[in-house]
Amino acid sequence: MKIAFLGPQASFTQLAASQIFPEEELIPQSSILDCFNAVMNNEVDKAVVPLENSIEGTVSMTLDYLYNFDVFIETELVMPIAHHLMVHPENSVFEKIISHPQALAQTYHFRHENYPGIPSQDFNSTAASAKLVSENPNEKWAAVANRSAAKLYGLKIIHENIQDFEQNHTKFVVLSKSKEILELPLQKTSEKTSLIITLPEDHAGGLHQVLSVFAWRKMNLSKIESRTLKTGLGNYFFFINVASEWHPVLSQNAIDELIALKANVKFLGHYNEYLFVE
């Protein structure tokens, strides 16, 4: 089985993918969009991408592509995240810090306090930024990445654990074109159902009607987030997580009522959440 992941080698996503699929062929992709396209084009069987970070929130690109692509979530893995600042061993002086936007955001206070005059630059992934620093020893660059990336690309860590909050975790999801529930031999922490809901029209009480569908059934919403549809100001879709086991009558009736209210409902899957084991 072929599994796409946000690469390159030694990215956080690869660490997650390796734990979920220790025996499968892992194929790095240069962007989250490439991961989705690889699944849609049948180049791979599944893909692993980041969905949410405990500090910076949802990865907006992943959420947008979940809306735009016909894929399902099979499982979710929660992994602790530790960021390190690293340089090429031949060049410890740097004038720019590069990394994935989420990693830069998660280390903002450290960088602001310790290197206030050093600019940062977004890059496709933390591991890709480490690889770039490794391949360009003459450039005065530093990267924010994990320890595996430093080891793989021969970089020197000059500051460890620079994330602004100790409890820094990222949720990674497995995507495919089927509605399977992927069972893992790891610590299961919860079950959830993910939906994307678009309101039928912009009218007073529209969102209240949608939320009432879950409220009177006593279905707990562990997450609700709005994202712009990019079709004009005030147009949104809503990403919702329902925290509980799937009930064949209650859960399906809730979806049927949403459809009866003329809401557009996209079922992303019912799946388990697991905890990364180091």
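Colleague: Where is Val87 placed?

Modeller: Val87 sits in strand β6, residues 84–87. Strands (E, at least two residues) and helices (H or I, at least four) are DSSP runs, numbered from the N terminus. This is a predicted model, where local features need pLDDT of at least 70, side-chain atom pairs count only at pLDDT 80 or more, and totals for chains, interfaces and linings use all residues. Residues are numbered from 1 along each chain as its sequence is written, and side-chain values use heavy atoms, with hydrogens and water left out.

Colleague: Why is Val87 called buried?

Modeller: Buried means under 20% relative accessible area, exposed over 50%, partly exposed in between (1.4 Å probe, protein chains only). Val87 has 0% relative accessibility, so Val87 counts as buried.

Colleague: Which residues is Val87 in contact with, leaving aside neighbours within four places in sequence?

Modeller: Contact means heavy atoms within 4.5 Å. The partners of Val87 include Phe94, Trp141 and Leu155.

Colleague: What makes Ile224 partly exposed?

Modeller: Its relative accessible area is 40%. That value lies between the 20% and 50% cut-offs, so Ile224 is partly exposed. Ile224 is found in strand β13, residues 221–228. The C-alpha atoms of Val87 and Ile224 are separated by 39 Å.

Colleague: How many helices and strands are in the protein chain?

Modeller: The protein chain has nine helices and 15 strands.

Colleague: How do you know that the chain is as compact as a globular protein of that length?

Modeller: The radius of gyration is taken over C-alpha atoms, and the globule rule is 2.2 Å times the number of residues to the power 0.38. For 278 residues the rule gives 19 Å; the protein chain has 20 Å, which is close, so the chain is as compact as a globular protein of that length.
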